[in-house]
Amino acid sequence: MRKSLIAGNWKMHKTINEAVQLVTAIKRELADYKGADIVVCPVYTALASTFDVLMDTDIVLGAQNLFWETQGAFTGEISPVMIKDAGCEYVIIGHSERRKYFNETEETVNKRLKAALAVGLIPIVCVGETLEERESDKTESVVKSQLEGGFKGLQSIDVLDVVIAYEPVWAIGTGKTATPEQAQNVHNFIRQWVKQNFCEDTADKMRIIYGGSVKPDNAKDLMSQDDIDGALVGGAALDVGSFCSIVKNCTISL
Ligand code: PEP
């Protein structure tokens, strides 16, 4: 059975103090919660302080991006080793906001994915179609080419721990959510793709999570779908009550 994963993407929100306050409150609510793997992804400047708060809990830290080189003259970038050094276990790769605003391509997703795996970070690779692509019936072909490009050159053994986040662009930050059926269809498509391109075992074990306006009131229905193994939560992750309620609503108490 795949253990659920709920990851909070804080995007470009929260100063260090604000991040510490937020994560302290999340820790109070969820420190003993064992029903899901819980990840919080603050901005780079707040990683170390957030890590200090989480040190004695099972809640872990993720970064929102990384660069593929280890070190060097790359002003403004941060390397996989540095992300690990700050206490991260996870890293988000290829978020649609990075594709849209920072020219992220399949090729750069692939480089970041390989670099993350090389240092033992667990990548959360985001894929998803725009509204125009969905309306012109291109969802599967878009997701397929994002997967083909992003995972190019990798073997089954490399990708076992990778998490794929299906995030329809039209649902991110818009308040519009994919219906559980729409999401399940794409998740199943992704799992079949993993099966065909890697192996059945990898497809069975890989966690495919949904992102796009997940809220406490829609989380349960989405998570009840066979191929939805958790959520990447943006806006609602900035509110302690909403985030903790999503975690508790869509996972089992152990
Ligand atoms: C996201 O940032 O990945 C996301 C899904 O955002 P939101 O939950 O706000 O739609």
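Ser-96 lies in helix 4, which spans residues 96-101; helices here are DSSP runs of H or I with at least four residues, strands are DSSP runs of E with at least two, and both are numbered from the N terminus. At 15% relative accessibility, Ser-96 counts as buried, a word that stands for under 20% relative accessible area, with exposed meaning over 50% and partly exposed in between (1.4 Å probe, protein chains only). Leaving aside neighbours within four places in sequence, Ser-96 touches Val-169 and Ile-172, where contact means heavy atoms within 4.5 Å. The model is a predicted one, in which local features need pLDDT of at least 70 and side-chain atom pairs count only at pLDDT 80 or more, while totals for chains, interfaces and linings use all residues. Residues are numbered from 1 along each chain as its sequence is written, and side-chain values use heavy atoms, with hydrogens and water left out.

Beyond four places in sequence, Gln-184 is in contact with Gln-225, Asp-226, Asp-227 and Ile-228.

Helix 2 (residues 47-54) can be followed next. Its buried residues are Leu-47, Thr-50, Val-53 and Leu-54. Seen down the axis of helix 2, these residues fall within an arc of 125°, so they line one face of the helix; the arc is taken over the directions from the helix axis to the C-beta atoms. An α-helix has 3.6 residues a turn, so residues three or four places apart point the same way. The cover over the buried residues of helix 2 includes helix 1 (16-30), strand 2 (37-41), strand 3 (60-63) and strand 4 (88-93).

Which residues come nearest to the ligand? Among the 14 residues around the ligand, these are Lys-11, Glu-167, Gly-173, Ser-213 and Gly-235, a residue being near if one of its heavy atoms lies within 4 Å. By class, the shell holds four nonpolar, eight polar and two charged residues. In the side chain of Glu-167, an N or O atom is 2.7 Å from an oxygen atom of the ligand.

Lys-11 lies in the loop between strand 1 (5-9) and helix 1 and is buried, with a relative accessible area of 19%. Asp-137 likewise has a positive phi, near 65°, in a residue other than glycine. Asp-137 sits in the loop between helix 6 (131-135) and helix 7 (139-150) and is exposed, with a relative accessible area of 73%.

Notes: A polar contact is a pair of N or O atoms within 3.5 Å; within protein, one must be able to donate a hydrogen and the other to accept it, and residues adjacent in sequence count only if both atoms are side-chain atoms. Ala, Val, Leu, Ile, Met, Phe, Trp, Tyr, Cys and Pro count as nonpolar, Asp, Glu, Lys and Arg as charged, and the others, Gly among them, as polar.
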